[in-house]
Amino acid sequence: MKNRVAVIGAGVGGLATAARLGYKGFDVDVFEKLPECGGRAHLIEDRGFKFDTGPSFVLMPDFFEEVFAYCGERLETYLDLKALDVRYRIFYPDGRSLDFYKDDARTKQGLEAFEPGAGRAFERFVEETARLYRLTRPLLYRCAVPGMLKDPAFLSLAFKIRPFESYWSLAKKFFKNDDLCYALTFEAMFMGVSPFATPAFYSIISYADHVQKVFHPMGGMYQIPLALERLAKKFGARLHYNKEIKGIVRDKEGFSLHNGQLTQQADYVVANADFAHTQADLLGRRLPKYKYSCSVYLMYLGMKTKVRGLGHHNIFFPEDTGLNLSRVFEGGSVAEDPSFYIHVPTVTDPSLAPPGKDIVYVLVPVPNLEVTPASELDEKRLRASVFERVRAAVGVDLAKDVEVEHKFFPGDFVKRYNIRNGATFGLAHNLMQSAFLRPANFDRKREGLYYVGASTQPGGGLPPVLASSRIVADLITG
């Protein structure tokens, strides 16, 4: 029986796949370049501050529950997910703000202040995203192939999910006010793309926000890879850290994986490394002309005191959001007045910082290194712009209260995680890189080679990555 599996990368997708296959009785080894698990979902600890460096929120908890249920376990045994009362807070440059609450009635009151009738429009928008979610959710657990175009049922479904409309145009069907449209489509930026270029069916993330709500794992986001690591180990997976794989070779016995010091034999290989890196550097293949997501400039700030006025999740929009999006996704210098996101997890989870102190995680979308190679050089201007906007919005001077600081640039994603062009979110989520046009979860040339992660089907974000682990496990186990 062929049952030896080598997983390359101990990110969320790799760990979930290892756990599933271990549960099914396969002999699993996981090889990770870094000294710990998590991949992009990592952790920096410094002087009592615990900075989560990757994803910052949990959506679609049913996808998390499915992984543990697949292995006969309960999610609650491994993770403590807390729903947020204020899902996120939007700050506009004219001084207005808008809160999205767990209680939709309070949310609709705030929307009405921006546009009469927006409360009812919000209900209708959510109803449409719920319809799209019901239609697309089953597809998230299937590897789409071109042959599906011959299936009348699939074709009928495809046209029902608005493939030729954008996320933005969907929102405009319900709201006249652009400020509200940006507030209800900013989630596209968490997939590394513009709402103007993202197909409308990706609005299922809005459904997740507004219907299933937003959650925080107590103890921090790093609890998620730690939980999956425990799950994988429980079912026999062996994890090898500081073991970067540098080549994959198909041979008579199956596969040989090389890192310069060891050769690992396997019957099956699951690559959780960045897809473009796997193709170009591990397999020596020429890459197609992919469209990549944006990158980000990150600041992790440990504050001397508590920060007033900011919520758990905060979005700051600039004077000209359209211009900012154009600069980020189409090229050129980063706008003088950028949009940005601030995560203050200690609003919900004080355990992540010393008593009386806060964590402020700042994410500024910037062009990837293919679009604008010198984007890192805007750091001083970006930092000053962020701090000034926060001071104007909530009256807090972040600069004077920083006790601990760590920074991350686009180039760091290349050096640390082997991510092509520093494209933080992997391949972009446009129409031509969705469904069967996105890289499949199996290799079309080498039987026994599979792919899991943000750049493969069904896409980026923790829930789709977990779904990709199910697809791969199903393909291998038949």
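Where is the place of Met 60? Select Met 60 first: this residue sits in the loop between strand E4 (49–52) and H2, helices (H or I, at least four residues) and strands (E, at least two) being DSSP runs numbered from the N terminus. The model is predicted, so local features need pLDDT of at least 70 and side-chain atom pairs count only at pLDDT 80 or more, while totals for chains, interfaces and linings use all residues. Residues are numbered from 1 along each chain as its sequence is written, and side-chain values use heavy atoms, with hydrogens and water left out.

**Backbone features**

Met 60 is not a glycine, yet its phi is positive, about 50°. With a relative accessible area of 5%, Met 60 is buried (buried means under 20% relative accessible area, exposed over 50%, partly exposed in between; 1.4 Å probe, protein chains only). Next, select Arg 162, in the loop between helix H6 (152–160) and helix H7 (167–172); its phi is also positive, near 60°. Then go to Pro 458, in the loop between strand E19 (449–451) and H15. Most residues other than glycine have a negative phi, and most peptide bonds are trans.

**Helices H2 and H15**

Display H2 (residues 61–70) and H15 (residues 462–477), whose axes come within 9 Å and cross at roughly 30°. Axes are lines fitted to C-alpha atoms, for helices over the stretch in contact, and angles run from 0 to 180 degrees between N-to-C directions. H2 and H15 are therefore roughly parallel to each other (angles under 35 degrees count as roughly parallel, over 145 as roughly antiparallel, 65 to 115 as roughly perpendicular and the rest as oblique). On the H2 side, the contact (heavy atoms within 4.5 Å) is made by Phe 63, Phe 64, Glu 66, Val 67 and Tyr 70. The H15 residues include Leu 466, Arg 470 and Asp 474.

**The nonpolar cores**

Now select Leu 98, Phe 100 and Phe 317, which are among the residues with the most contacts inside the largest nonpolar core, of 75 residues. Such a core is a set of buried Ala, Val, Leu, Ile, Met, Phe, Trp, Tyr and Cys residues joined through side-chain atoms within 4.5 Å. Helix H5 (residues 118–136) gives the most to this core, with eight residues. A second, separate core has 46 residues, including Val 12, Cys 71 and Ala 473.

**Last stop: Phe 275**

Phe 275 is in helix H11 (residues 275–282) and counts as buried, at 7% relative accessibility. Beyond its neighbours within four places in sequence, Phe 275 is in contact with Tyr 290, Pro 439, Tyr 451, Ser 455 and Thr 456.
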